[in-house]
Amino acid sequence: MFPEKIDVRPIIADQAATLRDNGTGKISATDITLFFILPVALAAFSILTGVRIRASAVSAILTASAIFIGLLPSLLVLVLTFLMSTKGDQNDPSLQQRKRFMREISTHVNFCFVLSLLLASVATIALILLDKDDLPVGPVLAFLLIATSITLLLALLMLIRRMHVLVATEFDRYKFKNVA
(Lines give C-alpha, C1' and ligand atoms only; values in the text may rest on other atoms or scores of the structure.)
Protein backbone atom coordinates (compact mmCIF):
# COMPACT_ATOMS: atom_id res chain seq x y z
CA MET A 1 0.00 0.00 0.00
CA PHE A 2 2.69 2.52 1.03
CA PRO A 3 6.07 2.52 -0.65
CA GLU A 4 8.40 0.98 1.92
CA LYS A 5 10.87 3.87 1.87
CA ILE A 6 8.25 6.36 3.10
CA ASP A 7 6.07 4.06 5.20
CA VAL A 8 5.90 5.55 8.71
CA ARG A 9 3.57 2.88 10.10
CA PRO A 10 6.47 1.02 11.78
CA ILE A 11 7.35 4.25 13.64
CA ILE A 12 3.76 4.59 14.83
CA ALA A 13 3.65 0.91 15.82
CA ASP A 14 6.94 1.26 17.72
CA GLN A 15 5.57 4.34 19.51
CA ALA A 16 2.40 2.46 20.49
CA ALA A 17 4.58 -0.40 21.76
CA THR A 18 6.25 1.98 24.24
CA LEU A 19 2.88 2.61 25.87
CA ARG A 20 3.25 -0.27 28.27
CA ASP A 21 2.71 -0.55 32.00
CA ASN A 22 6.20 -0.83 33.48
CA GLY A 23 4.98 -3.26 36.13
CA THR A 24 3.14 -5.73 33.92
CA GLY A 25 4.69 -5.12 30.51
CA LYS A 26 1.19 -5.04 29.00
CA ILE A 27 -0.14 -2.26 26.80
CA SER A 28 -1.53 0.42 29.09
CA ALA A 29 -5.12 1.42 28.36
CA THR A 30 -4.45 4.66 30.24
CA ASP A 31 -1.51 5.49 27.98
CA ILE A 32 -3.45 4.62 24.82
CA THR A 33 -6.26 6.88 26.02
CA LEU A 34 -3.89 9.72 26.93
CA PHE A 35 -1.74 9.66 23.80
CA PHE A 36 -4.21 8.67 21.08
CA ILE A 37 -7.84 9.01 22.20
CA LEU A 38 -7.60 12.22 24.27
CA PRO A 39 -6.16 14.36 21.43
CA VAL A 40 -8.92 13.21 19.07
CA ALA A 41 -11.60 13.79 21.71
CA LEU A 42 -10.28 17.27 22.57
CA ALA A 43 -10.06 18.20 18.90
CA ALA A 44 -13.62 16.99 18.28
CA PHE A 45 -14.86 18.88 21.35
CA SER A 46 -13.08 22.02 20.15
CA ILE A 47 -14.68 21.84 16.72
CA LEU A 48 -18.13 21.11 18.15
CA THR A 49 -17.90 24.06 20.54
CA GLY A 50 -16.96 26.45 17.76
CA VAL A 51 -13.22 26.91 18.17
CA ARG A 52 -11.87 28.64 15.08
CA ILE A 53 -8.26 28.72 13.95
CA ARG A 54 -7.19 31.74 11.91
CA ALA A 55 -4.15 32.23 9.67
CA SER A 56 -1.95 33.75 12.38
CA ALA A 57 -2.39 30.68 14.58
CA VAL A 58 -1.78 28.37 11.62
CA SER A 59 1.41 30.31 10.81
CA ALA A 60 2.58 29.90 14.41
CA ILE A 61 1.88 26.16 14.24
CA LEU A 62 3.79 25.92 10.96
CA THR A 63 6.75 27.81 12.43
CA ALA A 64 6.89 25.63 15.54
CA SER A 65 6.64 22.49 13.43
CA ALA A 66 9.46 23.66 11.17
CA ILE A 67 11.66 24.27 14.22
CA PHE A 68 11.00 20.75 15.47
CA ILE A 69 11.68 19.33 12.00
CA GLY A 70 15.06 21.03 12.13
CA LEU A 71 15.99 20.10 15.71
CA LEU A 72 14.72 16.55 16.12
CA PRO A 73 17.24 14.93 13.72
CA SER A 74 20.05 16.51 15.78
CA LEU A 75 18.58 14.92 18.89
CA LEU A 76 18.48 11.58 17.09
CA VAL A 77 22.18 11.92 16.21
CA LEU A 78 22.90 12.68 19.86
CA VAL A 79 20.99 9.56 20.91
CA LEU A 80 22.93 7.47 18.39
CA THR A 81 26.25 8.90 19.58
CA PHE A 82 25.32 8.17 23.18
CA LEU A 83 24.30 4.63 22.27
CA MET A 84 27.55 4.02 20.40
CA SER A 85 29.47 4.95 23.55
CA THR A 86 27.54 2.36 25.57
CA LYS A 87 29.91 -0.38 26.61
CA GLY A 88 29.83 -3.08 29.21
CA ASP A 89 28.67 -6.57 30.01
CA GLN A 90 25.58 -7.48 27.96
CA ASN A 91 24.11 -9.19 31.03
CA ASP A 92 24.41 -6.07 33.20
CA PRO A 93 20.84 -4.97 34.14
CA SER A 94 21.79 -1.28 34.17
CA LEU A 95 23.21 -1.61 30.65
CA GLN A 96 20.00 -3.30 29.51
CA GLN A 97 17.94 -0.50 31.08
CA ARG A 98 20.13 2.12 29.40
CA LYS A 99 19.67 0.48 26.01
CA ARG A 100 15.91 0.23 26.56
CA PHE A 101 15.72 3.93 27.39
CA MET A 102 17.82 4.80 24.35
CA ARG A 103 15.57 2.69 22.11
CA GLU A 104 12.45 4.34 23.52
CA ILE A 105 13.94 7.82 23.22
CA SER A 106 14.84 7.10 19.60
CA THR A 107 11.29 5.92 18.97
CA HIS A 108 9.84 9.05 20.60
CA VAL A 109 12.12 11.33 18.58
CA ASN A 110 11.11 9.62 15.33
CA PHE A 111 7.43 9.78 16.27
CA CYS A 112 7.71 13.50 17.12
CA PHE A 113 9.45 14.05 13.81
CA VAL A 114 6.60 12.34 11.92
CA LEU A 115 4.02 14.38 13.87
CA SER A 116 5.93 17.59 13.11
CA LEU A 117 6.00 16.76 9.40
CA LEU A 118 2.27 16.00 9.46
CA LEU A 119 1.52 19.19 11.36
CA ALA A 120 3.62 21.31 9.00
CA SER A 121 1.91 19.71 5.99
CA VAL A 122 -1.60 20.30 7.35
CA ALA A 123 -0.71 23.88 8.32
CA THR A 124 0.70 24.55 4.85
CA ILE A 125 -2.44 23.19 3.20
CA ALA A 126 -4.61 25.26 5.55
CA LEU A 127 -2.71 28.44 4.68
CA ILE A 128 -2.93 27.72 0.96
CA LEU A 129 -6.70 27.19 1.18
CA LEU A 130 -7.40 30.37 3.18
CA ASP A 131 -8.78 33.19 1.06
CA LYS A 132 -8.24 35.85 3.71
CA ASP A 133 -6.11 35.97 6.84
CA ASP A 134 -9.03 36.80 9.10
CA LEU A 135 -11.08 33.78 8.01
CA PRO A 136 -10.86 30.55 10.02
CA VAL A 137 -9.66 27.32 8.49
CA GLY A 138 -12.29 24.70 7.74
CA PRO A 139 -13.42 22.25 10.43
CA VAL A 140 -11.55 19.24 9.01
CA LEU A 141 -8.23 21.07 8.88
CA ALA A 142 -8.89 22.66 12.30
CA PHE A 143 -9.58 19.20 13.73
CA LEU A 144 -6.35 17.84 12.25
CA LEU A 145 -4.33 20.82 13.49
CA ILE A 146 -5.70 20.54 17.02
CA ALA A 147 -5.46 16.75 17.31
CA THR A 148 -1.95 16.62 15.87
CA SER A 149 -0.76 19.56 18.00
CA ILE A 150 -2.02 17.91 21.19
CA THR A 151 -0.52 14.56 20.21
CA LEU A 152 2.82 16.24 19.49
CA LEU A 153 2.75 18.08 22.80
CA LEU A 154 2.08 14.88 24.74
CA ALA A 155 4.73 12.97 22.77
CA LEU A 156 7.28 15.70 23.48
CA LEU A 157 6.43 15.57 27.18
CA MET A 158 6.95 11.80 27.16
CA LEU A 159 10.26 12.26 25.32
CA ILE A 160 11.42 14.83 27.88
CA ARG A 161 10.44 12.50 30.72
CA ARG A 162 12.36 9.58 29.22
CA MET A 163 15.44 11.75 28.68
CA HIS A 164 15.18 13.02 32.25
CA VAL A 165 15.13 9.47 33.62
CA LEU A 166 18.07 8.44 31.43
CA VAL A 167 20.19 11.41 32.49
CA ALA A 168 19.29 10.86 36.15
CA THR A 169 20.33 7.21 35.96
CA GLU A 170 23.58 8.21 34.25
CA PHE A 171 24.39 10.57 37.13
CA ASP A 172 23.69 7.73 39.55
CA ARG A 173 25.76 5.30 37.48
CA TYR A 174 28.99 7.26 37.42
CA LYS A 175 30.96 8.80 40.22
CA PHE A 176 32.12 12.12 38.85
CA LYS A 177 35.22 13.81 40.24
CA ASN A 178 35.33 17.56 40.79
CA VAL A 179 31.73 18.14 39.75
CA ALA A 180 30.62 21.71 40.43
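Okay, let's start with the fold: the protein chain has five helices and zero strands, where helices are DSSP runs of H or I with at least four residues, strands are E runs of at least two, and numbering goes from the N terminus. So along the sequence you simply read α-α-α-α-α. Before I go on, this is a predicted model, in which local features need pLDDT of at least 70 and side-chain atom pairs count only at pLDDT 80 or more, while totals for chains, interfaces and linings use all residues. Residues are numbered from 1 along each chain as its sequence is written, and side-chain values use heavy atoms, with hydrogens and water left out.

Now the overall picture. The C-alpha atoms fill a box of roughly 60 × 40 × 35 Å along the principal axes. Of the 180 residues, 32% count as buried, meaning under 20% relative accessible area with a 1.4 Å probe, protein chains only. Among contacts (heavy atoms within 4.5 Å) with a separation of 6 or more, 75% come from residues 24 or more positions apart.

Next, the largest pocket. It holds about 310 Å³ of space, the volume being what is filled by probe spheres set on grid points joined across faces, edges and corners. A pocket here is an open set of points on a 1 Å grid over the protein atoms alone, where a 1.4 Å probe fits, with protein on both sides within 12 Å along at least five of seven lines; lining residues have an atom within 4 Å of a point. There are 14 lining residues, and the closest to the centre are Ile 12, Val 114, Leu 115, Leu 118 and Thr 148. Which helix gives the most to that lining? H4 does, with six residues. Helices H2 (29-48), H4 (93-129) and H5 (139-173) each supply at least two.

Staying on H4, look at Phe 111, which sits in that helix. Phe 111 is buried, with a relative accessible area of 6%. Leaving aside neighbours within four places in sequence, Phe 111 is in contact with Ile 11, Ile 12, Gln 15, Phe 36, Thr 151 and Ala 155. Ile 12, remember, is also one of the residues closest to the pocket centre.

Last one: Ser 65, in helix H3 (residues 55-84). Is Ser 65 buried or exposed? Buried, because its relative accessibility is 1%. Not counting residues up to four places away in sequence, Ser 65 touches Ser 116, Leu 119 and Ala 120.

Terms used. Buried < 20%, exposed > 50% of the residue type's maximum accessible area, 1.4 Å probe, protein only.
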